[in-house]
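Let's go through this model together, asking at each step what stands behind the words used. Here it is.

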Amino acid sequence: MTFSLASHVTSTETDTGMVLLDERTGRYWQLNDTGALVLRCLLAGGTVGSAASALRERFAGAPEAATADVEKLVDALRAAKMVTS
């Protein structure tokens with residue numbers, strides 16, 4: 001499954017992660033470096049599984065927690081119509 005930012009969303013890298021702007025509503029989403037790592041992985045063609053693997057490599061977390069965290073972020077971004085897949 002391919003992920004991309006919705007056409008009405010712009011992103012900006014920050015020192016601590018990434019900020020997404022929904023240009024339709026004016027709402028901002030601030031992603032910490034963990035959320036930004038996941039989104040970058042997905043936007044580069046990765047899957048939920050590969051994003052979870054990237055989290056496990058960077059942070060020593062339980063495999064189940066990493067996958068669940070990625071799925072929660074993806075679900076939230078989809079619900080807010082910030083990404084398409």
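**Reading the fold**

The protein chain has 3 helices and 5 strands. This is a predicted model, in which local features need pLDDT of at least 70, side-chain atom pairs count only at pLDDT 80 or more, and totals for chains, interfaces and linings use all residues. Residues are numbered from 1 along each chain as its sequence is written, and side-chain values use heavy atoms, with hydrogens and water left out.

Q: How do you know whether the radius of gyration agrees with a compact globule?
A: The radius is taken over C-alpha atoms, and the globule rule is 2.2 Å times the number of residues to the power 0.38. For 85 residues a compact globule would come out near 12 Å, and the protein chain has 12 Å, so the two agree. Its C-alpha atoms fill a box of roughly 35 × 30 × 20 Å along the principal axes.

Q: Why is Asp33 called partly exposed?
A: Buried means under 20% relative accessible area, exposed over 50%, and partly exposed in between (1.4 Å probe, protein chains only). Asp33 has 34% relative accessibility, so it counts as partly exposed. Asp33 is found in helix 1.

Q: What does Asp33 touch, leaving out residues up to four places away in sequence?
A: A contact means heavy atoms within 4.5 Å. By that rule Asp33 touches Thr16, Gly17, Arg58 and Phe59. Thr47 is 14 residues from Asp33 in sequence, and their C-alpha atoms are 18 Å apart.

Q: What makes a set of residues a nonpolar core, and which members touch the most others in the largest one?
A: The set must consist of buried Ala, Val, Leu, Ile, Met, Phe, Trp, Tyr and Cys residues joined through side-chain atoms within 4.5 Å. The largest such core has 23 residues, and Leu20, Val38, Leu39, Val70 and Leu77 touch the most other members. Helix 1 (33–43) is among the elements that supply at least two residues each; its 6 residues are the largest share.

Q: Which residues does Leu77 touch, not counting those up to four places away in sequence?
A: Leu77 touches Leu20, Trp29, Leu39, Met82 and Val83.

Technical notes. Helix = DSSP H or I, 4+ residues; strand = E, 2+ residues; numbered from the N terminus.
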